[in-house]
Amino acid sequence: MDPAGTPLGKMLLEEITPVVMVLRTPSVEEACVKNGLSFVEMLSPFCNFSNIDVPLRTSSDQPYRLHKFKLRLFYESDVRQPNIEVAKERLKQVITKAGEKENLELISDPPQVSNLLDSSKSELLPSWFEYLNKELIRTASFSEHETFDHPVGCLLVVSSKDEQPINRFIDHFNTNKLPSLLNDGAMDPKILKHYLLVHDNHDGSSEKASKILSEMKSTFGTNECHLLCINSSQDAKMEHQDDPWASYKYDGSPVQRLGCCLDVDDISALKDLMHEFSSKHVIPYMEQKVRILNQQVSATRRGFRNQIKNLWWRKGKDDPNEMPSGSMYTFSSIESQIRVLGDHAFMLHDYELALANYRLISTDYKLDKAWKRYAGVQEMMALAYFLLDQSRKEAEYCMENAFNTYLKLGSSGQQNATRCGLWWIEMLKTRDQYKEAASVYFRICSEELLHSAVMLEQASYCYLFSKPPMLYKYGFHLVLSGDRYRKTDQIKHAIRTYRSALSVYRETTWSYIRDHVHFHIGQWYALLGFHDVAVRHMLQVLACSHQSKATQELFLRDFLQIFQGAGKTFEVPGLQLPVIDISSLKVVFEDQRTYASSLAASVRESLWRSLEEDLIPSLPGARTNWLDVQTKLMPKRLRESNVCVAGEAIKVVVEFKNPLQVPIPISNVSLICELSRSEEEISDTNASTSELANDEDHQRVVSSDSGSVILSEFDFSLGGGEKKLVELTVTPKLEGTLKLVGVRWKFSGCVGFYTFESILLVKKIARGKRKAKAKQSPLNDLKFVVIKPVPKLEGHIRSFPEKAYAGHIQPLILELKNQSNCSIKNLKMKISHPRFLSIGNKEVPHVDFRACLEKQSDNKQGGTRANLKKASQGVFLFPEDVAIKGDKPLLWPLWLRAAVPENFLLYIIIYYEMEDASSVMKYRTLRLHYNLQVLPSLDVSFKISPCPSRLQEFLVRMDVVNKASSQSFQVSQLSTVGDNWGISRLQPIDGIIPSQSLTVGQAFSFFFMLKSRRLSSVDAATHVPDLSPDVDNDVILCPGSVKEPLVNATHSPLANFHDSERLQHGIHNQKDDNTVDFVLISRPLKSDTNSEEDSDQPQLFSHHACYCRTASTSPISWTMIGPRTKYHNFSSSFCEINLKMTIHNSSDAIASISISTADSAGQSDALPSQGGWKPVVKEIKAASPKAAGIIAGNSPESLSSLKPVASPVSSFIWSGSSSSNFQLGPRSSTDIPMQICVFSPGTYDLSSYVLNWNLRQDDGGCDQLEAKESNPEETRKLSGTCSGYPYFLTVLQSV
Amino acid sequence: MAITASFIIVSRNDIPIYEAEVGSATKREDAAQLHQFVLHAALDIVQDLAWTTSAMFLKNIDRFNDLVVSVYVTAGHILFIY
């Protein structure tokens, strides 16, 4: 690679070239101004030679030819260090001007990253960078420590118009006019001088000029004098094809054509002049100077001796001049001379010589601690290395050294550092070390913001160009740069940088970065008045939930400001305030299914379906079975899409969430809907085309359809971080196809809208609950076929309680309304939990609540129940004559009984059919759903044990625990259900419960006598004479409630609930004589807190206990009847006692029973000590062969334990002829006579018998068997053995 | 010297999955975004470096003024930067 061909090489060949100082008189300028140019400007284009082709010799006499050459011309006044402030100002102007050019591009979108990488460097890099860099480098020119800016020659120019031109030439060299460099000795004042006489042809012929020229030649020497004739074109209309001055005039629009007075001859004269001046004067002069200096330097500094001497001498110089200003090195000092030598050699492209000298001097400067000069030399060394294309490392090392040294100097080295840095960067760029170049740019940045802004921007481009491209760095540095531009009010530049950064950060998930970029760019656009773009950017940052509250407020405030500045409403598709949670989207619509409340609508569809099964003839929507033939109830179109009814609202529940901590007001929230009338449009192709692509279309949708649909609008405010579920409704008024498109809302004048489709298309997951047909695409869920109005039943239960204590019975009223004029028929109702809710009787209004419950004298049992037309599965059919129409509601009584303590969900479905057969919908259902929290109240349990002494009498223990949290109860009544059982108190009424009520947590036990009434009815006259007449179904438990009428447990509500309870508990509804159902009626104490609700209304609680078993498991029960005490004179004979056993068969089958009173003989044999009795036994056996035998004592164990005292043990034997086997009919009793013989006084336990029973199944037994099989827990045996009850008989010796 | 440190876990595709600002120093208003910017920019360096070295912990790979970036690169190419 040719170093000279690189950008840096070119730059160096232009910048590090000999300087010629121009001294001219004002009249010279006057002549030139006619061309719109200054004298220097006029000459400049001709000072640049691409191939001057001057033969030269190096110091070592090597010939070479100089090709590229350039002279830099400066007026004497410009040969000085530029004022920094002025330079800065100029730079600022350049930047500002460049910024203004950007105007048009700003609004366009930033390019994509991929495009960015593809496009070439020159496209991306703003063109003014190069110019600006040049300007920056020039700010460091004409410094004292570098000699390449020191004038090599001097061009003295005098016009032919001037008087006494010769004197004017001499005046030029008046010292007061000359630059300080020459005067203060920093450079050699003896420089090449060239004398030029300018003649303006407008002023007449050149005769006078040639006269002056000859005069000049005689004075200054022939070679040094020239005549230049300009302005030969009289009419000033010269046009130049390739304007040579164009590139030299940067600023100012050329009002005047440049060089208009110069004709072709003039231009060639200019060319010749400069060529001659360069090749004949400047270059030979420099060559000569290089030669002389080289010799001097060689003499004093080259060679081993000189070096040692120099080192020694330098070391001795202990007090180096701290002043880096350079006054210690005058032009005559050897150091300066070496530097001049180096620079001259450099300018003459003899880089090796230059490098050698630079190297030589750099150590000197370093030792002298002349840092600025040292840095300058290092810089030049690096450049020389670069141009020689030698050791890159060296070049870089020198550059870095120079740069760092300049930086160390502080502000005085700043310009130089910048220049050095720029060169360094160029060097790195040439070698494709963009990353390093970027870091150098970064280091150039000074405190001055504008400067560093430009540098950072350039750095960012370096990152972009580096391989591989470092996009993140690119973005970051652009942002840094933009930030600085903003601080210096270069907003356009700032926007430009941020815009470019956006292409990197567009899709970033780094939230703070995104917010920062969008927020600032939005702000700046607003400053410039591009409100549209500003709003667009601000929208991006609005939903910044991660930011602090203060930042959020700031964002919001700025957004609103910009928004107001824009002065119009926007339709913003992606407004993030508030955020809509699409997963919360729920569409509730009513086809044939209608809902009484939103609560009901939220219940799972499958639950309703299962309830509806019995209710609905054939449900077209419910494909319970694939074999189901689709009925022709609805046309296909309707079946496949969601159906809604015109005039009925579709509810859409959407969750709005405020992502900010700042409250935001939202207004005019409504749905965007589309109602198309024509049927053809409904085809699916339409749905696929996105109609929201452009805003106009969107507007149409909203505005045009406003007549045919009614949209609800909401205003609300969302607090910080708040979520709100908003229920929006749309009511189509006409038939057609309705499509829910999205939601729109207003956020302080900014209309945001949100389309469901866009999201749904992405998330095809099942979302809402109310998806009627899962196999359809989600899009179709938002499409509805609107059919013409059909009647709709509305209903609710009046004042449904939220809480109730378990057992509480309350009357309720179901209110049904039909707003339309069409009538409906075939009302049916189904209740999910008949245990909790029972349907009352229309004829018995609830006003007479008490009467309904009280026991009346004319107790028509079951009469009310007959009125309820109970269909199968608990479906209730309303009477045919029930018509609901217009305003008159239908009221229907219901009974609520909180059965068990739990949180209980009640579902009610009311089915009805349309009277109008032509309507599309044949039937509809109304779904009601209620929630009831049931609190625990009394806990009742029963324990029944048979009375040992009485047949079919039982002792009932009722344990009542009050488990309520705060309520006391008064237990008022216990009833048995059915006719089979009667119950009576065991205690006097006052003594049952002392406190009359059960307070919280209190437990209490009651005891009752339970009697089987059937037994008494069958043979009451003969066998159970002691059955008291007060045995009744009901027992009053509380003395206070005696005044209150008894509650009829067999009447409508209670009986219904009881049936449900039985269904709940028991498995079969069959009557079982061995079970008894109890109903406990209790009342809350009036003094308690809840009495304020309805104190006049008696509150009633009922607790049901079903299938309480009478304790025995066998169907056979018996009792022994006989004397308990007997006096007998044993001295005369043994005692014979007659007993009677009454056996009852409570089963429905015939029982064969055998009683065996004897024990096995073997047991007797095993006890030989008892042998004394054996003969007697045998004797008795002989006497009564059917008698079983004898046993002594209670049991063999006790007998053996009594063995030592065996003799006094009193004993008895069963005697008498007892029929041991007999049949007993179902539900019948019989008496068996029995007899024992006692031989000595004592107390005897007559339990030593065994009853074997066997149920025959021939008649009516089979169903019992079935029942048994179906209820395995009910272990009713078909046969069994029972041992006898203890029956104690005391026989005393009569005196 | 109390300076806040920022700790970010970055998943593949340079998506930040965890962010934390640690430290007790008084927080500058723009600290969070500056940190993000610096760390985000450092990813460029990491991407280069991660493939050239077998080390998982890359110390001081990038710096911006007085902010120093160190990275722990996991095998799954998840980065922990601070």
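A: Arg486(A) and Asp489(A) meet through their side chains in a salt bridge, with 3.5 Å from N to O, the term being used for a side-chain nitrogen of Lys or Arg within 4 Å of a carboxyl oxygen of Asp or Glu. This is a predicted model, in which local features need pLDDT of at least 70 and side-chain atom pairs count only at pLDDT 80 or more, while totals for chains, interfaces and linings use all residues. Residues are numbered from 1 along each chain as its sequence is written, chains are lettered from A and ligands numbered from 1 in the order in which they are written, and side-chain values use heavy atoms, with hydrogens and water left out.

As for cover, Asp489(A) is exposed because its relative accessible area is 58%, whereas Arg486(A), at 27%, counts as partly exposed. Here buried stands for under 20% relative accessible area, exposed for over 50%, and partly exposed for what lies in between, with a 1.4 Å probe and protein chains only.

A second pair joins Asp959(A) to Arg957(A), whose side chains form a salt bridge with an N to O distance of 3.0 Å. Asp959(A) has 18% relative accessibility and therefore counts as buried, while Arg957(A), at 33%, is partly exposed.

The pair of Asp343(A) and Arg339(A) is also a salt bridge, its closest N and O atoms lying 3.0 Å apart. Both residues belong to helix 13 (residues 334-347) of chain A, where they are 4 residues apart, about one turn of the helix; helices are DSSP runs of H or I with at least four residues, strands are runs of E with at least two, and both are numbered from the N terminus. Asp343(A) is buried because its relative accessibility is 0%, and Arg339(A), at 1%, is buried as well. Searching the whole structure gives 14 salt bridges over all chains.

Turning to the strands, chain A holds an open sheet of 3 strands in the order 40-50-47, with mixed pairing, where two strands pair if DSSP finds at least two bridges between them. Strand 40 (1125-1128) and strand 47 (1242-1245) of chain A each have a single partner strand, so one side of each is left without a neighbour in the sheet. Strand 47 of chain A pairs with strand 50 (residues 1288-1293) of chain A in the antiparallel sense over 4 bridges, and Tyr1244(A) stands opposite Leu1289(A) in strand 50 of chain A.

In chain B, strand 1 (residues 5-10) and strand 2 (residues 16-22) are antiparallel partners over 6 bridges, with Ala5(B) opposite Val22(B) in strand 2 of chain B. The hairpin of these strands has 5 residues between them, and there Asn13(B) takes a positive phi near 65 degrees.

For the chain as a whole, chain A contains 39 helices and 50 strands, and buried residues account for 53% of its 1295 residues. Among its contacts between residues at least 6 apart in sequence, 78% join residues at least 24 apart, a contact being heavy atoms within 4.5 Å.
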